[in-house]
Amino acid sequence: MAIRAMNSLTPNQVRDMFLYVGQKVVENKPFLTKIDSAIGDGDHGIGMSVGFTKAEENLKGKEFSNVNDVFKTVGMSMISSMGGASGVIFGTMFVGGVKKLEMKETLDLQLLAEIFEGALEAIKQRGKAEVRDKTMVDALQPAVYALKESVEKNFSLVEGLRKAEEGAHQGVENTKNYVAKFGRAKSLGERSLGHQDAGATTVWIIFKSMREWVEEGLQDD
Amino acid sequence: MIKKFINKPENVVSEAIEGFMVANKDKLIKIENVNGIIRKNLKDKVAIVTGGGSGHEPLFLGFVGEGLADGVAIGNVFAAPTPNTIHEVAKAVDQGKGVLFVYGNYAGDVLNFDMAAELLEFEDIQTKTVKVADDVASAPEERKEDRRGIAGDVFVLKIAGAASEKGWDLEKVANVTQKAADRTYSIGVASSPGSIPGATELPYELGDDEIELGMGIHGEPGMKRTKMMPADQLTDELLNTLVMESKLQAGDEVAVYVNGLGSTTLLELFIINRRVHQVLTEKRIHIYDMDINSYCTTQEMGGFSISLFKLDDELKELYDAPAKAPYYVKNHSIDTKEAKV
């Protein structure tokens, strides 16, 4: 029963999951700063932590009656507080997928796949980035594909998230082989080779933490 | 730690705005809850909104005023302003005639201004955008849309402001502003890096005897790193590239702007400007006007940029129109008129 229960999350569980995700991203601030300093301007970790701190402020203690509002709150917190390119892009990762979605009261793997697929499209449209451009898309796209495949294979929510986490992680590794096409790393050209993209790394941390929260939730039950 | 006169790094932007505002409260208003500033006396015309990351002062906030920008959206240090900041500023200055966004061509700025434009569309506020992409060293001509915006912002903003003061509609203001952007060419050189307030390390290194030609204002790699050289020789090299990229010919007419990046002194900039004048005169390129200042800085960055603005009769008239903002004044006669009253 416990497993089935955690195969779909209530809006308030989604809220708690993203509070945990935010905490993990904030914890990783020094790590993200180090990665970004190698080829970017070193502010990615600071920016993400500003965004998730704002999201925590807007999520904490608030009751949610639908999943859409939780995603929207996280995304809008980022868009309104971070600035720079990552504010819009990571904001869109949460807002883009629920924009045209009817109100949902539970989040299961299928809906999660649908939401992040919509987000991926929205991000590509806004940021004009494709896979191999050394951006967060390199991690998000394989994660979305893994989610969709997991739905087809009738995997549980945790299994699906684990596949997404693995896909994102492979994506992060792949960015080391790409020359940057966006942001300040772009002007480094070949010199950006061998370094992983900070935005892709954050996407991986987000999916990893979602998986951890759902998995630990299972054990708690 | 790099020496800077600040309190807490996280308060740099808000405290700087506070200090700027108390000195300019007769002409400007700070918008509540966001880092946006607008003109106190807005005119019934197309509104001009600019913006960008902090750290480049007096750009962008010092250019809010008559004949220039009506509002500015201010980001964190070297980071684009948020969409809601831009949104609030645009809403505050719109007179029902639309808003023209004028800003430097950087990925973060484009994303945030575009998103703000979408938000404004829901409220039936019409916007148009002109991105300044004057840095010829940042991308070759065939990828002109990838070029970054540097000190040429000043020329483009000047034209946008003057065109809007004429009472033209949004399309006409946008078109002439785009024309100005298309005819603005800049090139820079760096001698030492600028730092982010609160940062413990410099963002990149330049040797004691090294300079980098074409380096961007955030330390983006340029065309080549070379040994320090005499001002005339360096100016010749920069100008040769600039004239070639801009395809300027004998008989063309330009406004010249020599911009210090932060720690390079006016004394040095005058020497650069002297050579710019000599070379352009030799090439029989007519100099309509010269400006030497440090409008577009990157903290204590060392170095300068040269901007050439290719004029025609229409642009010349707009360039000469009066303007008055805290850090830019041109042909302004209002004060003397007021004195007569």
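In what order do the 6 strands of the open sheet in chain B stand? The order is β1-β2-β4-β3-β5-β6, with mixed pairing. Strands (E, at least two residues) and helices (H or I, at least four) are DSSP runs numbered from the N terminus, and two strands pair if DSSP finds at least two bridges between them.

This is a predicted model, in which local features need pLDDT of at least 70, side-chain atom pairs count only at pLDDT 80 or more, and totals for chains, interfaces and linings use all residues. Residues are numbered from 1 along each chain as its sequence is written, while chains are lettered from A and ligands numbered from 1 in the order in which they are written.

Select β1 (28-31) and β6 (127-132) of chain B: each stands at an edge with a single partner strand, so one side of each is left without a neighbour in the sheet. From one strand to the next, the twist averages 20°; angles run from 0 to 180 degrees between N-to-C directions, and axes are lines fitted to C-alpha atoms, for helices over the stretch in contact.

Next, select β3 (residues 47-54) and β5 (residues 99-104) of chain B, which run parallel and are joined by 4 bridges. Here Thr50(B) stands opposite Val102(B) in β5(B).

Finally, move to chain A, where the axes of α3 (residues 29-39) and α4 (residues 44-59) come within 7 Å and cross at roughly 145°.
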